Amino acid sequence: QVQANQDNELYLPDLNIMPLPDPDDSPKTWLFGAGDSSEWGATSTNDETANSTTEMNHHRPTLINISALDQGEYVTDTSAGTLHSTVVTSQGRILTASSVAIQTSGIGRDTIDGSQLDFQPITEVYYLDDNTPSTPPVFSKVVASQYYTMALDISGNVWATGTNTYGQLCLGDAISRDRFYQVAKAADAAAASSKVVDIALGERHTLLLMDNGQVFGCGWNAYGQLGIGVKGTNMLEPVEILIDEPDFNNTTTDTPIVANITQIAAGRGSSYFLTSSDHVYATGTNYEGQLCLGDRVDRPLPTMLMEVEQMQSNRGNDFSF
């Protein structure tokens with residue numbers, strides 16, 4: 001699995017297919033790319049500047065030595081923001097590291113005495129009423145964006161921390177948080193009984209995929225990346241993204257059906273959806289043609305991509321995808 005930001009990458013290699021230095025049976029976390037050491041925590045190196053904020057370029061995988069891990073605990077998920085990195089462990093804990101002493105950068109904890117530089121555990125989470133859960137959540141996934149972080153626990157609940165200028169934390173306001181707060185269940189009746197199974201983050205917008213195929217979005221919507229039919233209106237709480245697609249199993253009618261979405265992805269100002277009919281839809285900014293729709297026109301609603309074979313026939317031989 002690979003998670004990347006603009007400058008560095010954190011990833012968990014499959015040791016069976018990617019030989020790396022000093023392999024053994026215990027899972028390890030490696031990185032490569034540009035950045036200062038504090039953005040991803042201290043590494044296992046003899047370099048005395050390993051914990052400084054000196055810019056480093058790692059052209060080969062570099063082992064991260066996470067001292068905050070308990071005996072036998074290992075990393076199961078990773079994600080990198082612009083100036084912070086996050087991991088989930090086999091015990092369901094979240095650890096974060098950052099190169100800045102700004103608590104709303106997405107690390108979700110205090111930054112006293114330079115502790116932001118190394119991976120440290122998240123110890124506080126809250127409901128929106130500022131009460132704390134009687135039992136700490138067990139996390140399964142974490143996703144970092146520019147200056148905010150979203151996490152998923154094993155019960156399908158979503159937690160958010162960091163900057164919130166555009167409502168990207170899905171908490172119903174534009175107030176930044178320096179701790180993880182639980183995102184309220186969507187008001188939609190169908191979603192109220194379902195669970196979130198995946199999270200995708202753009203630069204400042206969030207997508208939430210439910211186990212029933214619904215998708216909700218919140219945050220920045222300057223280019224229509226939330227796919228709700230309008231541009232420029234930011235959403236402070238999750239709003240459902242509906243995709244009307246042809247009934248591919250019934251060609252005798254033109255009546256569209258609401259698509260069942262199985263996968264989600266987000267770019268800086270764009271969003272992408274895979275449906276159960278194996279079709280891809282894209283919405284948002286398209287100034288470089290990143291929506292793969294054959295033009296540079298923004299889309300405020302999810303628009304279906306042509307099949308690759310059809311793209312090739314339309315474009316001729318000088319086309320690759």
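Strands are DSSP runs of E over at least two residues, numbered from the N terminus. The views below show a predicted model, in which local features require a pLDDT of at least 70, side-chain atom pairs are counted only at pLDDT 80 or more, and totals for chains, interfaces and linings use all residues. Residues are numbered from 1 along each chain as its sequence is written, and side-chain values use heavy atoms, with hydrogens and water left out.

Six aromatic pairs are present in the structure. In the pair shown, the ring centres of F139 and W159 are 6.4 Å apart and the planes meet at 80°, so the arrangement is edge-to-face. Ring pairs extend the picture to a cluster made up of Y127, F139, W159 and F180.

Strand β13 (177–182) contains R177. With a relative accessibility of 10%, R177 counts as buried. R177 lies over the face of Y181, 5.2 Å from the ring centre; the criterion is that NZ of Lys or CZ of Arg is within 6 Å of the ring centre and within 35 degrees of the ring normal. R177 also shows how separate stretches of sequence are brought into one view: the C-alpha atoms of R177 and I107 are 9.9 Å apart in space, although 70 residues separate them in sequence.

**View C. The charged end of R204 over the ring of W220.**
In this second charge-over-ring arrangement, the charged end of R204 is placed over the ring of W220. The distance to the centre of the W220 ring is 4.0 Å.

Strand β13 is mostly covered, with five of its six residues buried. Strands β9 and β13 are parallel and pair over two bridges; at least two DSSP bridges are required for two strands to pair. Within this region, Y126 stands opposite Y181 of β13. Strand β12, by contrast, runs antiparallel to β13 and is joined to it by three bridges. Here G162 is the residue standing opposite R177 of β13.

**View E. The open four-stranded sheet.**
Four strands form an open sheet in the order β5-β6-β7-β8, and their pairing is antiparallel. Five bridges connect β5 with strand β6 (residues 84–89) in the antiparallel sense. V75 stands opposite T89 of β6.

**View F. I94 in strand β7.**
I94 is located in strand β7 (residues 94–98). Its relative accessibility is 1%, and I94 therefore counts as buried. The C-alpha atoms of I94 and V138 are separated by 9.0 Å, while the two residues lie 44 residues apart along the chain.

Most residues other than glycine have a negative phi. D130, which is not a glycine, has a positive phi of about 75°. D130 is placed in the loop between β9 (125–126) and β10, and is partly exposed, with a relative accessible area of 47%. C170, likewise not a glycine, has a positive phi of about 60°. The position of C170 is in the loop between β12 and β13. In contrast to the partly exposed D130, C170 counts as buried, at 2% relative accessibility.

Methods: Phe/Tyr/Trp six-rings, centres within 6.5 Å; stacked < 30°, edge-to-face > 60°. Buried < 20%, exposed > 50% of the residue type's maximum accessible area, 1.4 Å probe, protein only.
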